[in-house]
Number of protein chains: 4
Amino acid sequence: MAKKLQYGMVGGGAGSFIGDVHRRAIDLDGKAELAAGCFSSDFSKTLQTGEQLNIDKDRLYKTFTEMAEKEAARSDGIKFVVIVTPNNLHYPVAKEFLKRGISVACDKPLTVEVEQAIELKDLAEKNNCLFAVTYTYTGHVMAKEARAIVKRGDIGDILVVVAEYPQSWLADTIEKEGQKQAAWRTDPAQSGKSNCVGDIGSHIENLVSYITGLKIKKLIANLDVIGEGRSLDNNAEIIVRYDNGASGTYWCSQVAIGFENALKVRIFGTLGSVEFEQENCNYLKVTKKGQPTQIYSRGNGYISEDAASFSRIPTGHPEGFFEAFANIYSAFVNALIKKLAGEKIDEKNFDYPNIDMGIEGVRFIAKSVESMQKGSVWVDMD
Amino acid sequence: MAKKLQYGMVGGGAGSFIGDVHRRAIDLDGKAELAAGCFSSDFSKTLQTGEQLNIDKDRLYKTFTEMAEKEAARSDGIKFVVIVTPNNLHYPVAKEFLKRGISVACDKPLTVEVEQAIELKDLAEKNNCLFAVTYTYTGHVMAKEARAIVKRGDIGDILVVVAEYPQSWLADTIEKEGQKQAAWRTDPAQSGKSNCVGDIGSHIENLVSYITGLKIKKLIANLDVIGEGRSLDNNAEIIVRYDNGASGTYWCSQVAIGFENALKVRIFGTLGSVEFEQENCNYLKVTKKGQPTQIYSRGNGYISEDAASFSRIPTGHPEGFFEAFANIYSAFVNALIKKLAGEKIDEKNFDYPNIDMGIEGVRFIAKSVESMQKGSVWVDMD
Amino acid sequence: MAKKLQYGMVGGGAGSFIGDVHRRAIDLDGKAELAAGCFSSDFSKTLQTGEQLNIDKDRLYKTFTEMAEKEAARSDGIKFVVIVTPNNLHYPVAKEFLKRGISVACDKPLTVEVEQAIELKDLAEKNNCLFAVTYTYTGHVMAKEARAIVKRGDIGDILVVVAEYPQSWLADTIEKEGQKQAAWRTDPAQSGKSNCVGDIGSHIENLVSYITGLKIKKLIANLDVIGEGRSLDNNAEIIVRYDNGASGTYWCSQVAIGFENALKVRIFGTLGSVEFEQENCNYLKVTKKGQPTQIYSRGNGYISEDAASFSRIPTGHPEGFFEAFANIYSAFVNALIKKLAGEKIDEKNFDYPNIDMGIEGVRFIAKSVESMQKGSVWVDMD
Amino acid sequence: MAKKLQYGMVGGGAGSFIGDVHRRAIDLDGKAELAAGCFSSDFSKTLQTGEQLNIDKDRLYKTFTEMAEKEAARSDGIKFVVIVTPNNLHYPVAKEFLKRGISVACDKPLTVEVEQAIELKDLAEKNNCLFAVTYTYTGHVMAKEARAIVKRGDIGDILVVVAEYPQSWLADTIEKEGQKQAAWRTDPAQSGKSNCVGDIGSHIENLVSYITGLKIKKLIANLDVIGEGRSLDNNAEIIVRYDNGASGTYWCSQVAIGFENALKVRIFGTLGSVEFEQENCNYLKVTKKGQPTQIYSRGNGYISEDAASFSRIPTGHPEGFFEAFANIYSAFVNALIKKLAGEKIDEKNFDYPNIDMGIEGVRFIAKSVESMQKGSVWVDMD
């Protein structure tokens, strides 16, 4: 094993759920190690988190700009930065690192505005950086298997997509009771134009796109704002038309009591269908026309090579959320290692969500909001 | 037990799936017996079916008009007629019987045009007839329990409804191979304006309305026509807005490989949610805010009295499709028996789908088609 | 359709769950009709039940012996009798009818003693009677499909059987509170040597035997008596060895809170496995070595002809407990009609549980009790 | 965060599934790091694995005895050793480390003979060592929740236990084709007296004991040897009697096609029941008498504090096999850190499987084999 790649993190201080997830997921494969951080706008918190995580004190920074400057200046500086801040900071933070040649793994949605996302892409290209957008769920082995099944033509031409992502964590207005994540998610200044479509609708859009390869041509969106004092959506129904003529319906909700994190994607084709559920992520339902429904299970011999290569443990031993995240980082770090070794990298050959997917995600959110504002009419994606 | 009530049937000849279902369902409770029929436009088929069913030959009729006339003229004539023809015949057949004072149980959708449905209602009232529209799925004990749960306020105010009805029987163009039911379902002349929304979308509309009591205020519909040579929809996504401000999303499909008859309704409120699945009809998923999801099972002590009264066998002994149908007929025949005994009947006090629900169903289909034709824009229900 | 066959019933008076089930199940196919009865040892109750069921008063009898005599004497007498009494009466009742040439459909367990069961078989043969033992669950289409799958060799040679039948209705000592069925089930005088093994363990034995064709060679049984004041078993674990060398484990319980009527049979062979669950009776889990688990669903084209011939409605439209019962009666009545028409009948060619299965069931119960009494040691079945 | 604790590993070389699992699981929490190893009896393999894992070359050892000696001699020597060899080596390896005061985390079953296990316990006590036996499945948050539910009395007094652990990986005789794990599992010299009961039956015994606190008083076992050329069991049915009078039935199998790693434990009490399934490890089925079954989900507010403290991510984000393992190590390392800091440790206060559980496990295996050898008769546990 080569020495571990060093990375830094912006955001993800004590109390952040997602910062911890990124760190543990990266640890699971032991290919990279955290070496620098600006975990909070409050430096005392950064110091505290840094100490907990055994980071050298001189690599804990007051601002992300300082961090980008100083790490870029070190000969042993970080090779990539993980951005796990509220949405509105993704763009300015990513910019600082990219322009100094440091690769980026950024949480989704990539930016608030489509233009910002495109700018980041240009910057990454100009400065020869890799860029991953951490859409977790494409990391699941069985999401990859769903993609392989579609690609192989097992379900024929796609006719209909039905996808949903219900949660219930915002059923109460917990942002009023100091729940930190709820506070920024429901705040337009930090979340951007949309809360629910931005946070979880965008996962639907990404996962469907990842599995099917379809592009959305136009969409109709209905966004609901539920709960006193709220201004951003927390429930949405979206009808889409894809470039191949198929239609789809997406539902996402943060007020759907009875559901926790229930991302589910169903793809229907002329020859069969495939269904992936995040909460039951080691399995896949596959039905071929005229045949019984089959339950594919991760880790078996019939799983395609591309998907199977991301499996860590035998069938029947459940993998979960950390493994999905780890798979994204595994592909990203592999690409980065090759790039650092001087190879010419085409990100399309590495199975992590790249900046093009990030841009599509931001566009999807913007167009959904636009459709709603115009009275839930068809809005073209270009 | 009083003598069995005699009924007649129009449609449902040999080879018809649904005629047989209606007859067996009625037999299950032994309160009514088939005594007359016009099972086909081809009289030889009517004779053949009549013989199989032990019907007196002189009560087998060449036309439904003849049947209505002669049965109305008999002192021991049928007390109600069951109409199980293709959709386009519901209206003319029902009219013949109603105007002669014979009550009607008619398959859904009630008619092709809204005006026809309203006319039938007027006719039924004028002639003192009862009228049931056999929306099967409201007959399930656990659909009734879902309604009781909502009514009791267990899930609070309704915020969101998500319902679907995927099937796959029209994935192939089997109407070209002589499959009789497929032939008329896909034929506008017999089916009316819509195939998929008409046949199964209308079940969604009815079941949601039955469980929640909500009325649709407006809707957006996207209807797809899939399969060469077809002209009617077989896949549809519909967004609805209810009178209480809640939103809903309905998906129905006849080309969704992997699903057979998978009507599922989920109702989300401020305090909880309830989920009913037709294919798993002895159970109900209920979640109250902050509590584990509960699996209600038919036949237990905690089931509400209204729902429980329709249960025939103990918990763990599955009831199914026939029982749902039988429950509709059981309520209808009970009402009819009382009416024939001279009681004044308010159909709202009997738990079967009445003609008002039938009218709403036809309107829902018409408005869905209208929205599609106008480019999937909001269309008001009135 | 020929005229309906007339049958009589012993037991099954008002308040009896199972009498009603038998009657409705027979009605479902309309091939036979109830014409005579001795529904209770209390004649006033028989009269009351008879009136509810529209039975001619002169065919309601004070004793089953009187009924057997008088019906046998009528030229239009019943063609078969349904016996739905407590277990201890099966033998004397069946005897009276058989010796007068009236065929019998009797509830399980067939008798209390093995010798009685064998005597009934001899009597049936001598008097040219058919004899069905109403083991309900072999009536399910998907239990028949499981049998077809095993027969066809799809799962290879059978290695292991795991079957269970947990219920919870006797978790409380409801027999003390006047629950009638609990009272006789827990009473050795009416139930026989065993309550739990007798009532539901025997269903396991029968269903496994039906699906696999295996014969039990020897068994070890552990029977528990749970609940104050009880003397009969209500929980049992049984290990069996079959004639082909395979082993099996059976668990039945009436005190297993969380389960209602959860008969489940899993058969493991050298090439695959098959799993049938009574509460989910429209489906079957089938796994072939190295392949994904498949969910077979009743009503599809891939279902074997033998099983499919018992299906009444399309896939996705649930059938249940009544249909299973009806299928047993359907096969039995078909055989009887042919016999009455003068055909020579081999009961093995008709798919209903015959008296040989009934005998095996009584033997299984007796041997289980014997093993327990000897300290849970191996006991041979012959 | 304090500096990471250093540990060593015996066994777990390249190609070993379980060595990798232990290492990643420990990494997930970042409290300990691998610093020394004797990964194989073939030193070249140890060197290769060591290089892959970035271990200092001078801490890679030819024999486990050398490793124990030299690590014990270093001032910065390992604080505990992880033993992941075939079963027969657990005892000699553990002994070498314990006698030099190095704590041990050893795979199950702890030893081949009961006496060896007791000897290890004495040695651990004498040398002031901690000892964990890595029974994975007690590490699951929801197994801990099951235990909390039982402890709290939610399901009353335990009456019946039904547990199973079916797998199918030995359905074919893959040991003949060079599958390494199959080779040693089916070899009495390396596996000990039992393969199936030893490997997975012992997990059932441990998990039931962990959740219920019950002790087995006596048992009856039937062990099957399936597959040509095999001499050790790969399917077993065991009936147990617990000290409180309750009975239980355990089934484990390695030839059960259709099941992968399907450990399932159901506990039935006077007031309710609880069910845990390893393959669906984020949920628990709980039924209280007279109430609907409830699905407890990890990460919710109603989960007991003891269990919840082991949860890493929010509800709906699946945890799996690695997390279960990590939880065992987390508790063990916590205890060890306190001990190293001079605190007096009572292992019973730390939630990892200790050496007493390890001893019980070996006894269970030995007694199961003894019962089988005596003709499947009751064998007392003491």
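**Note on chain contacts and local geometry**

1. Start with the strand pairing between chains. Strand β13 (residues 293–297) of chain A and strand β13 (residues 293–297) of chain C run antiparallel and are joined by three bridges. Strands count as paired if DSSP finds at least two bridges between them. Helices (H or I, at least four residues) and strands (E, at least two) are DSSP runs, numbered from the N terminus. I295(A) has T293(C) as its bridge partner in β13(C).

2. Basis of the note. This is a predicted model, in which local features need pLDDT of at least 70 and side-chain atom pairs count only at pLDDT 80 or more, while totals for chains, interfaces and linings use all residues. Residues are numbered from 1 along each chain as its sequence is written, and chains are lettered from A and ligands numbered from 1 in the order in which they are written.

3. β13(C) also pairs within its own chain. Four bridges link it to strand β12 (residues 283–288) of chain C, and the two run antiparallel. Here K285(C) has I295(C) as its bridge partner. The hairpin of β12(C) and β13(C) has four residues between the strands. G290(C) in this hairpin has a positive phi near 80 degrees.

4. Chains C and D. Their contact takes 31 residues from chain D and 31 residues from chain C. Residues are in contact if their C-beta atoms, placed from the backbone, lie within 7 Å. On the side of chain D that touches chain C, the elements giving two or more residues are β6 (158–166), β7 (216–224), β8 (235–242), β9 (247–253), β11 (272–277) and β12 (283–288) of chain D. The largest share, four residues, is from β9(D). By class, this side of chain D has 14 nonpolar, twelve polar and five charged residues. Ala, Val, Leu, Ile, Met, Phe, Trp, Tyr, Cys and Pro count as nonpolar, Asp, Glu, Lys and Arg as charged, and the others, Gly among them, as polar.

5. Symmetry of C and D. Superposition is by least squares on the C-alpha atoms of residues with pLDDT of at least 70 in both copies.

6. Symmetry of A and B. Chain A superposes on chain B by a rotation of 180 degrees with 0.0 Å of shift along its axis (RMSD 0.0 Å). V377(A) is the residue of chain A closest to the axis, at 3.1 Å (C-alpha).

7. Helix packing in chain C. Helix α1 (residues 17–29) and helix α11 (residues 321–340) of chain C pack at an angle of about 70 degrees, with axes 8 Å apart. α1(C) is thus roughly perpendicular to α11(C) (angles of 65 to 115 degrees). Axes are lines fitted to C-alpha atoms, for helices over the stretch in contact, and angles run from 0 to 180 degrees between N-to-C directions. The contact of α1(C) with α11(C) has eight nonpolar, two polar and three charged residues.

8. Backbone points to check. The peptide bond from K108(C) to P109(C) is cis, with omega near -10 degrees. P109(C) sits in the loop between β4 (103–106) and α5 (114–126) of chain C. In chain D, the bond from K108(D) to P109(D) is cis, with omega near -10 degrees. N128(C), a residue other than glycine, has a positive phi near 60 degrees. N128(C) lies in the loop between α5 and β5 (131–133) of chain C.

Terms used:
Two residues are in contact if their C-beta atoms, placed from the backbone, lie within 7 Å. Angles under 35 degrees count as roughly parallel, over 145 as roughly antiparallel, 65 to 115 as roughly perpendicular and the rest as oblique.
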